[in-house]
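Please keep the view open as you read.

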Amino acid sequence: MSEIRVNGVSLYYEEHGDGVPILCIHGTGSSAKVWGAAVDELAKRGRTIIYDRRGCTRSERPEPYTMTSVGEHTEDAAALLQALKATPAVVIGRSYGGEIAVDLVQRYPGLVRALVLLEPAIVTMTAEAHAWEGALEANVAAAAATGGPEAGADCFYREILGDDGWAQLPATWRRMVLDNAPAILAELKGGSSRPDQEQLAHVRKPVLLVSGAASPPVFRAVDSVLADLIPGSRHEVVEGGHLIDPASTEVLAFLDGQLAGGSGR
């Protein structure tokens with residue numbers, strides 16, 4: 001458990017295992033804590049690096065922190081990988097973290113060995129997803145205006161996971177999300193990324209996209225578009241909702257294929 005200063009902020013990170021680097025990038029409102037038991041499986045396969053993105057949990061939250069962007073988080077991820085001499089890395093991105101991973105491979109392809117994208121929330125990829133995001137942002141903003149940032153965070157997660165999904169999260173996870181409410185609002189205000197589709201068509205990295213069968217349909221639609229754009233990518237649909245297990249059978253099989261014969265640190 002360590003801290004490192006990159007791009008003007010201090011980031012909390014952990015390293016587990018040895019071998020080919022595996023960088024895990026969490027989604028909106030969460031932290032490195034959400035990787036949980038999956039870290040044990042990932043660390044059997046490589047040098048697994050988990051971290052709290054800027055503004056989240058144990059990493060520094062700039063003041064004021066009213067808006068951030070995917071690009072800013074991409075710069076943080078790139079600087080972290082370079083500072084830790086952990087390149088090229090297999091990058092696993094969840095939701096907003098998947099957006100960051102896609103931006104990273106476009107802007108810093110030399111830092112990336114392969115991508116695992118767990119429902120990357122690039123809602124600009126389809127008109128329906130973009131409209132869905134607009135409604136989501138309006139609902140969250142209204143909740144935050146009347147009930148404060150924590151009410152906005154609560155609304156955000158209920159929209160994505162459903163009331164039952166939100167209620168079923170461990171109490172520690174719900175507390176983490178509410179504590180990260182300012183980061184959620186800042187990320188929403190910064191908007192989704194707009195990948196260069198022509199550039200995506202020239203990505204020459206192994207890519208696995210994983211969608212949840214019970215997630216909002218817009219996420220699966222986005223994944224389908226990305227799978228069509230990125231040559232040779234694989235798209236798997238698994239049971240459950242948006243919080244896809246990063247140590248699922250599909251993900252581990254992909255990693256085993258990519259890391260076979262990989263060199264150590």
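Pro64 lies in the loop that runs between strand E4 (47-51) and helix H2 (70-83). The model you are looking at is a predicted one, and in it the peptide bond joining Glu63 and Pro64 is cis, with omega at about -5°. Most peptide bonds are trans, and most residues other than glycine have a negative phi. With that in mind, stay in the loop between E4 and H2, where Thr57 is also found. Thr57 is not a glycine, yet it has a positive phi of about 50°.

Pro88 sits in the loop between H2 and strand E5 (89-94). Here, too, you will find a cis peptide bond, from Thr87 to Pro88, with omega near -10°. Ser95 has a positive phi of about 55° although it is not a glycine. Ser95 counts as buried, because its relative accessibility is 14% and the limit for that class is 20%.

Next, turn to the helices. Two packed helices are described by the angle between their axes and the distance between the axes. For helix H4 (residues 127-147) and helix H5 (residues 149-168), the angle is about 150° and the axes are 6 Å apart. H4 and H5 are therefore roughly antiparallel to each other, as an angle over 145 degrees puts a pair in that class. The crossing of H4 past H5 is right-handed. On the H4 side, the residues in contact include Trp132, Leu136, Asn139 and Val140, while those on the H5 side include Cys155, Phe156, Glu159 and Ile160.

H5 has another partner to look at. Its axis and that of helix H6 (residues 171-179) come within 9 Å and cross at roughly 150°, so H5 and H6 are roughly antiparallel to each other as well. Among the H5 residues that meet H6 are Tyr157 and Trp166, and Arg174 and Leu178 are among those that H6 contributes.

In the pair formed by Tyr157 and Trp166, the ring centres are 5.5 Å apart and the planes meet at 50°, so the pair is tilted. Tyr157 is buried, with a relative accessible area of 8%, and Trp166 is buried too, at 3% relative accessibility. Ring pairs link Phe156, Tyr157 and Trp166 into a cluster.

Arg58 lies over the face of Tyr12, 3.9 Å from the ring centre. For the ring of Trp35, the charged end of Arg94 sits over it, at 5.3 Å from the centre.

Finish at Pro217, which belongs to helix H9 (residues 217-229). Pro217 counts as exposed, because its relative accessibility is 57%. Pro217 and Ser30 are 187 residues apart along the chain, and 22 Å separates their C-alpha atoms.

Technical notes. Residues numbered from 1 in each chain as written. Predicted model: local features only at pLDDT ≥ 70, side-chain atom pairs only at ≥ 80, totals over all residues. Heavy atoms only, no water. Phe/Tyr/Trp six-rings, centres within 6.5 Å; stacked < 30°, edge-to-face > 60°. Buried < 20%, exposed > 50% of the residue type's maximum accessible area, 1.4 Å probe, protein only. Lys NZ or Arg CZ within 6 Å of the ring centre and 35° of its normal. Axes fitted to C-alpha atoms, helices over the stretch in contact; angles between N-to-C directions. Helix = DSSP H or I, 4+ residues; strand = E, 2+ residues; numbered from the N terminus. Parallel < 35°, antiparallel > 145°, perpendicular 65-115°, else oblique. Left-handed = near helix turned anticlockwise from the far one by under 90°. Contact = heavy atoms within 4.5 Å.
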